Amino acid sequence: GGGGRCRFSAVCPFPYARDGRADSVAPLGVVVCSASRGEERFSSLAAAVRAAPEGATVLLGEGETELDGALLLQRPLTLLGARNAVLTARGGGSVVVVDLPGGGAAGGLPPPTLSIVGVGVVQRATEQPGVASACAREGEPARAAAGYAVVVRAGRAELTQCTVQSALSGGCFVSAAASAALRGCHFGAAAMHGVLVSGRARVEMSHCHVHSTGAAGVEARGRSEVRLHCCRVHHSSRSGLFATAFAEAHAEYCNVFQCRFAGIECAGQSEVRVHSCRVHDGERGGLLALGRSSLRVDACAVSRNAMAGVSARGSGRVVVADSAVTSGRASGVHVSEDASATVEHCRVEANGLCGVELSGSAATLVARRNVVRGNGGEAFALPSPQCGGCVQLEGNDLG
């Protein structure tokens, strides 16, 4: 992020220009602006949304607007908030639900799009604080009474400079064939996920901040796809970024740290690609591939994790190239069971145990032209005798 232009992409519009049109609206006031009807003032946001024509801009004044239930958005609009404009909802349910008809983009047309700009969305605890959080910890999210604070069911939602918090469940849930672009948003203080993507949904996140979540910071499942650009993800109670059940996840120029499980994890035949990211100071591992998942790591800095910097288990497949795996408390790269790892042009140094460790007799390792030195144990710790698996070591500098 930083304060200037995005250093990593010439086409990234960061920093996102703030639109101050809603600042002149009275506190808690609502104004609908449309080409067909000009400016109209409303006493409630729900009434304004119902009356607004397609393409209108709904201006929301500063202050906390408490809704009687979820704000259902079913036509393409722009909801623009003044400084400190916040939405909450009574009853502990979802605060905003996007459900645009024609969301499947039939006939090759782009899906209808709804924009939310500069609005805080806060899901507060009910009379029984902590109940939903306990359900999430016990792996029973269905028992939590609340839906996610923002739910995108159909169509496309674009959230820019929004703050989303949930003391009851998660921040944002994108489902089915819906899609979302999350730009410069802050997802924090969530009892469950910061962002959950499921069921062939697609989400792009850029310059977002995700932290302090009761489940994974960002999770993709069920053939969905999520892409992170220049995001910070930290202090999640599970992994920072998690992909499972055939999902795809791509992260570039991200900073992932101090997560309770792995910084980045893939499982269940998912595929994850990580480029130019920092993954560090995890309470357990740095990057982890489980099951029959696939993980590729390019030009990354992986450091100071409590367990292996990069780990492949089960039948997971890992490729690590042009990266530094350093200063972890365990081995730099750990391959076990039937997993396979290719490590090329990497620097693996100053780890507490081995540089690269194989602990499964059927594990496979290819290591070419790496610098592996200064680790607490052997540079390459291999099972003896090597049974079933295959080891190829070529041109490595062991110092």
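**Burial, fold and cysteines**

Of the 399 residues in the chain, 54% are buried, where buried means under 20% relative accessible area, exposed over 50%, and partly exposed in between (1.4 Å probe, protein chains only). The model is predicted: local features need pLDDT of at least 70, side-chain atom pairs count only at pLDDT 80 or more, and totals for chains, interfaces and linings use all residues. Residues are numbered from 1 along each chain as its sequence is written, and side-chain values use heavy atoms, with hydrogens and water left out.

The chain has two helices and 42 strands, taken as DSSP runs (helices H or I, at least four residues; strands E, at least two) and numbered from the N terminus. Its C-alpha trace spans about 80 × 45 × 40 Å along the principal axes.

Among contacts (heavy atoms within 4.5 Å) between residues at least 6 apart in sequence, 49% join residues at least 24 apart.

A disulfide, here a pair of cysteine sulfur atoms within 2.5 Å, does not occur in the chain: the count is zero. For Cys354 the closest cysteine sulfur is in Cys346, 17 Å away, which is too far for a bond. Cys354 is buried because its relative accessible area is 11%, whereas Cys390, at 35%, is partly exposed.
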